[in-house]
Amino acid sequence: MPAKLSLHQARRIALAAQGLDKVRPAGPVTARAVGRTFARLQLVQIDSVNVLARSHFLPFFSRLGPYDRSILQRMASSHPRRMMEYWAHEASFIRPGHYRDLLLWQKREWVGAGRLDPDVRDAVARRVLDILERSRPLTASELTVRMGHVEPEQAGGWGWNWNTVKRVLEHLFEAGVVGAASRTEQFERRYTLAERILPVPDGGPSDPAAQDVRAEALHRLVEAAARAHGIGTVRCFADYFRTPLKATADSVDHLVGAGVLEPVTVDGWNRTVFRHGEARLPRRADGRALLSPFDSAVFERRRLEELFGFHYRIEIYTPRPKRRFGYYVLPFLLRDAMVARVDLKADRQGGRLLVRSAFAEPEAPADTAVELAAELALMAGWLGLDGVEVYPVGDLAGALSGAVGKA
C-alpha cells in the first residue's frame, strides 16, 4: 500500500529537493556552493528579459543569497564545461551530462530553419560550418557579415525577425552540430562547433536510432527531473525537461520497478504522485526567497496550485490593461508557503529596486511584510542598488512600505 503524506509534508519534500527549505548560509557564497546548487536543480532557464536581472542568475540568489555572478560565467566557459546551453524546459543552462540525452528527445525544429527550403538551408549550413571550423566563436550577426549574406526582402517578418543565417544556426544548435560557447554583453549567443564545447566520448556516439539507447536516455532525464522535484506527478516530471508525456509515464513505471521512485498518496492532491527514493523530508521548512517567474520551483503551474494553493501566471506577454499583478511578478516563499507576490524592476540609473505592486495571499502570516522587506533589501544590495522604493499598489504595499522604512 502506498505511503501516505500530508500536504505539508509533501511541500517540505518539494522545497528540500529544490534547496529552498533552509535558512541561507551566513558566510560568503563559494563557487563550490553554486556548483552544488546547480547540480541539485539540474538546469536553470534562460530568458532575455532583464527588467530585474537575467533569469538564470536569480535561482542562485534565491537559494544562496548574494553571490558573485561571474561564478556562473566561469562555469559556462570552463574546460571541461560545468554548465552548457541547450533546449530543456525552454532554452536553459543544463548539466553537460544531460546534453546527449536531450539531443535524443528534444524536437524544436520550429525554432530554426524547419520552414526554409532544404537546398537553401543546407547551402547556408555548409558555409556557416566552414567558417566556424576556422574561427573563434562568432555571433549570428558576425557570421552574417563574414559570409556577406544579404537577406532577401521577402524573407523578413518571420518569428523574431531572424535572418536566414540565424535560423540555420538555431537549426544546427538544435541538432547538436553547433553549440553556444558564451554570450555577449547584449546576451547574443557566440556559436562554435559543439565538439569544441563537449567532445564526443571515446568510442564515438551510440546509435541514436536504437530504442534501448533512447529509453536509457529518457530514464536518466526522468530520474533527474524526479530528483529535482522530490515529489510529483508524471506531468511534473515530463514538464521539467519537456519530454513526451506517454514516454515519460513509461519511464516512471520503469523507475518504480527499479526502486528509484515510489508511489505515494498526498492528502488533498488527488492525482497519482511519486516520490524519489532519496528525497528528504525535513521536520520543518525555514527558507525565505523571492522566486523568478522562470524558477524551476514554479515551472509547473498546476503542481504549484495543488501543492501550495498558489495560482500563478506570467503576465509579461499580457496586455497592460489585463494584468492582475504586474509585469515581472515574483512569488515570495516564506517557510513552507507562498505568501505574497511582488512586481519588481531594477532602476539602475536611479539606483533603486522598485516594487511596483505588492499583494499578500489570503493566509499570509503576520510577519510577511517584515520578512519581505528584509529580502528586498538583500536583493537590492546584491544588484548594486542603493535602496528599495515601494509603489502604493496592492493590498500589501502599505505594510511593506512601512517595513522597508524600518529595515
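Leu-261 stands opposite His-276, which belongs to strand S9. Strand S8 (residues 261-266) is joined to S9 by five bridges, and these two strands run antiparallel. Helices (H or I, at least four residues) and strands (E, at least two) are DSSP runs, numbered from the N terminus.

This is a predicted model, in which local features need pLDDT of at least 70 and side-chain atom pairs count only at pLDDT 80 or more, while totals for chains, interfaces and linings use all residues. Residues are numbered from 1 along each chain as its sequence is written, and side-chain values use heavy atoms, with hydrogens and water left out.

Stay with the hairpin that S8 and S9 form, which has two residues between the strands, and select Gly-268 in the turn, where phi is positive at about 85 degrees. Now select strand S7 (residues 231-232), which is joined to S9 by two bridges and runs antiparallel to S9; the bridge partner of Ile-231 in S9 is Arg-275. How many of the eight residues of S9 (residues 269-276) are buried? Six of them are, so that the strand is mostly covered, where buried means under 20% relative accessible area, exposed means over 50%, and partly exposed lies in between (1.4 Å probe, protein chains only).

Next, select helix H2 (residues 31-41), in which Ala-33, Val-34, Gly-35, Thr-37, Phe-38 and Leu-41 are buried. The elements that cover these buried residues include strand S2 (43-45), helix H3 (58-64), helix H4 (70-75) and helix H10 (211-229), where contact means heavy atoms within 4.5 Å. Just after H2, select Gln-42, which takes a positive phi of about 75 degrees.

Rings of Phe, Tyr and Trp (its six-membered ring) pair if their centres lie within 6.5 Å, and planes under 30 degrees apart count as stacked, over 60 as edge-to-face and the rest as tilted. By this rule the count comes to 10 aromatic pairs. Phe-38 and Phe-60 form one that is tilted, at 6.4 Å centre to centre with 40 degrees between the planes. Phe-38 lies in helix H2 and Phe-60 in helix H3, so this pair ties together parts that are 22 residues apart in sequence. Phe-38 counts as buried because its relative accessibility is 2%, and Phe-60 counts as buried because its value is 0%.

Now select Phe-61 and Trp-382, whose ring centres are 4.7 Å apart and whose planes meet at 15 degrees, so the pair is stacked. This pair links distant parts of the chain, with Phe-61 in helix H3 and Trp-382 in helix H14, 321 residues apart. Both Phe-61 and Trp-382 are buried.

For the last stop, turn to salt bridges, each being a side-chain nitrogen of Lys or Arg within 4 Å of a carboxyl oxygen of Asp or Glu. A search of the whole structure finds 25 of them. Select Asp-101 and Arg-220, which form a salt bridge with their closest N and O atoms 2.8 Å apart. The two residues link distant parts of the chain, Asp-101 being in helix H5 (residues 99-105) and Arg-220 in helix H10, 119 residues apart. Asp-101 counts as buried because its relative accessibility is 6%, whereas Arg-220, at 44%, counts as partly exposed. Finally, select Glu-85, Lys-166, Glu-170, Arg-183 and Arg-189 together, which are linked in a network of salt bridges.

Note on methods:
Two strands pair if DSSP finds at least two bridges between them.
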